[in-house]
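Visitor: I would like to learn how to read this model. Please take me through it feature by feature.

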Amino acid sequence: MKTCPYCGYRNRPGSLFCEDCAQPLHEDARLMTLQTRQIEDDEIDLLSQSTWGTASFEQHAIVIIHVRDASEPLHLRPTADQLTIGRADVSNPIRPDLDLTPYGAMENGVSRLHAAIARNDNTLTLVDLGSSNGTFLNGQRLTEQTPRVLRDGDEIRFGRLVTHIYFQDENGF
Amino acid sequence: MAFDGFDPFSVLGIAQTATLDDVKAAFRRVARRLHPDVNRHPGAGAQFQYINNAYEVLSDPAQRSAYEKARTDDDPEHPYFTMRVTPSRRRIQPLDEPQVIYLLADIFPDPRATQDSTERETRLNLCLALDRSNSMNGARLNEVKIAAHQIIDLLNADDIFSIVAFSDRAEVIIPATHVTDKPAMKARVSMMTASGGTEIFQGLNAAVEQTRRFLAPRLVNHILLLTDGHTFGDQMQTLELARTAAKEGILVSAMGLGQEWNNKFLDEIASLTGGSSAYINSSGAVVRFLNTHVRNLSNVFADRLQLSIAPDPDVKLESVFKLQPNPQPLPIGQGFIPLGSLQRNRPTSVLMQFEFPAGLTREFRSIARIVTVGDILAERIHNFHAMSDISVEVSADATVENPPTAILDALGKLTLYRMQERANEALENGDIRQATRHLENLAARLSAMGEVELAQQARAEAQQVAHTSALTEKGRKVLKYQTRHLLLGETTGETT
């Protein structure tokens with residue numbers, strides 16, 4: 001199987017373009033897309049630079065979500081089921097697994113059930129659950145209910161709430 | 001004798017020095033691949049006759065020596081066109097899941113054959129079937145008249161020309177004749193008026209009759225159908241007529257003007273006969289479109305090209321798409337697929353997609369046999385052919401091969417065309433979410449490729465679908481025909 005790095009669709013080997021989203025799958029183009037994601041910043045230590053942008057999520061890895069302007073990052077362990085992200089509301093019995101209320105979810109237009117992160121074999125996907133103000137992955141708005149593969153260092157925006165996602169080994173750095 | 005123009009040695013894949021035992025062994029080998037009993041694909045059925053004929057000739061010493069003598073008496077081998085087939089990879093790994101491979105076939109006229117035929121201009125037997133229903137009134141009909149005038153100017157006395165105008169009935173404006181009295185022809189065109197509804201069968205039927213009058217294998221027998229409306233109730237009848245016309249050697253190209261015509265139906269007419277279909281955005285573009293089309297026709301080197309694809313029994317043919325000269329999807333369920341005409345100055349290219357089964361054994365193995373036949377107009381040669389057997393190596397070697405640029409380029413654009421087809425399919429099934437998604441993916445890819453305007457159109461249609469559950473007629477056609485045109489690597493100039 002050739003998993004599309006863009007939408008996570010599983011293509012047959014030999015496919016040159018994703019049958020689901022038309023993105024190129026062959027090595028040349030994949031290298032090219034990765035190259036554009038390289039950041040040239042001396043401030044970042046070598047270790048984080050070398051893992052920048054990887055889509056592979058190891059068995060024991062955990063996710064760290066930095067919400068912009070928040071002091072403490074969130075540590076999460078995604079499960080095979082969806083890990084829902086949203087805003088807890090007294091009038092609604094549905095609680096998201098990750099409640100963003102402390103980070104200004106209300107003011108920034110986060111929906112009660114906004115998005116979800118799910119774990120595949122060795123990738124993570126992000127899916128928008130029909131939010132009012134949209135979920136943006138690296139600035140691009142997601143289509144509802146369409147999973148997209150996450151990479152280490154991606155920017156995810158829930159409505160106007162900006163977060164960054166990092167993958168980390170359980171043993172720390 | 002059963003000799004059919006094919007080289008029996010290459011059909012069986014053996015050298016000319018082969019003994020009778022070699023011939024028998026080779027026949028068994030090919031039959032295991034392509035005999036209709038083991039290979040259900042229509043292409044195999046169509047090609048097996050050549051194999052049988054080749055065996056008949058070579059297994060009989062008398063026929064074989066007669067063939068060898070005739071061959072040496074002939075002029076030295078002179079290819080009129082050649083076919084080059086490129087696979088997307090030359091090595092595949094034995095995997096426990098199905099995998100995909102693409103083949104790109106380019107058919108070229110032989111440079112030697114085209115050089116000395118410059119004086120022998122291609123001769124046309126052309127019929128224009130023009131819609132003159134009420135909706136054509138005004139600017140549209142005027143543009144059509146101007147276009148017809150210019151076409152008459154383009155033709156010469158060797159060409160045969162006719163015009164049929166149709167609404168709910170057909171009228172022969174100019175009966176099929178040599179183009180000698182141009183002013184009289186133009187005068188008759190000028191007198192056309194618009195009235196009535198659109199019944200394409202009426203028009204096509206009259207056009208086929210006119211074309212039949214001078215029907216000849218050495219001519220480009222072509223009907224150019226122009227309409228701006230839906231036809232009702234006579235679609236099956238029309239398609240049947242197109243099939244008959246194709247058998248007789250008449251190609252039908254269909255052009256839709258404006259938004260109100262049935263693109264699926266016109267595409268089907270064209271692909272049944274090997275003609276092309278096109279979308280003319282505005283009446284202002286009619287003249288240019290028709291002119292270009294007729295000019296291309298007079299550049300035809302070989303006509304009535306047909307492609308036969310016979311995959312090995314375990315290989316599945318998934319789709320066939322003509323990349324140029326006029327991009328269009330081709331039907332796969334028939335032994336011979338009409339390809340239309342081969343032009344003097346550019347190749348005809350076809351992209352095929354196959355699926356290999358899981359669990360291949362490590363060996364050097366064949367994928368498919370591909371045959372193209374066609375009529376060489378200037379030389380009056382009927383059913384000239386080119387044949388190619390494609391093989392790959394199944395090996396555990398995992399070195400990454402770079403796919404050929406030509407395939408990557410074509411497939412990248414073809415995937416976009418497929419994406420809008422899938423959006424349409426999703427819409428027909430009422431799956432709005434899926435349709436929106438396909439359109440948004442299409443928009444994303446288009447803008448990544450620098451097709452800004454088309455990307456905007458796709459994005460606008462995605463919103464349109466999300467809100468109204470339907471594409472606009474214009475958007476549907478623009479996306480379909482312009483993503484198709486990307487394959488030609490040139491802008492269509494279809495701006496409004």
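Visitor: How many helices and strands does chain B have?

Guide: Helices (H or I, at least four residues) and strands (E, at least two) are DSSP runs, numbered from the N terminus. Chain B has 15 helices and 16 strands. This is a predicted model: local features need pLDDT of at least 70, side-chain atom pairs count only at pLDDT 80 or more, and totals for chains, interfaces and linings use all residues. Residues are numbered from 1 along each chain as its sequence is written, while chains are lettered from A and ligands numbered from 1 in the order in which they are written.

Visitor: Which residues of chain B touch chain A, by class?

Guide: Two residues are in contact if their C-beta atoms, placed from the backbone, lie within 7 Å. Here 24 residues of chain B contact 18 residues of chain A. H13(B) gives the largest share of chain B's side, seven residues. Ala, Val, Leu, Ile, Met, Phe, Trp, Tyr, Cys and Pro count as nonpolar, Asp, Glu, Lys and Arg as charged, and the others, Gly among them, as polar. That side has 11 nonpolar, seven polar and six charged residues.

Visitor: Is Arg304(B) buried or exposed?

Guide: A residue is buried if 20 or more other C-beta atoms lie within 10 Å of its own, exposed if 12 or fewer, and partly exposed in between; C-beta atoms are placed from the backbone. Arg304(B) is buried, with 26 C-beta neighbours inside 10 Å. Arg304(B) sits in strand E10 (residues 300–311). Its phi is positive, near 55°, though it is not a glycine.

Visitor: What is the omega of the cis peptide bond?

Guide: About 10°, between Gln324(B) and Pro325(B).
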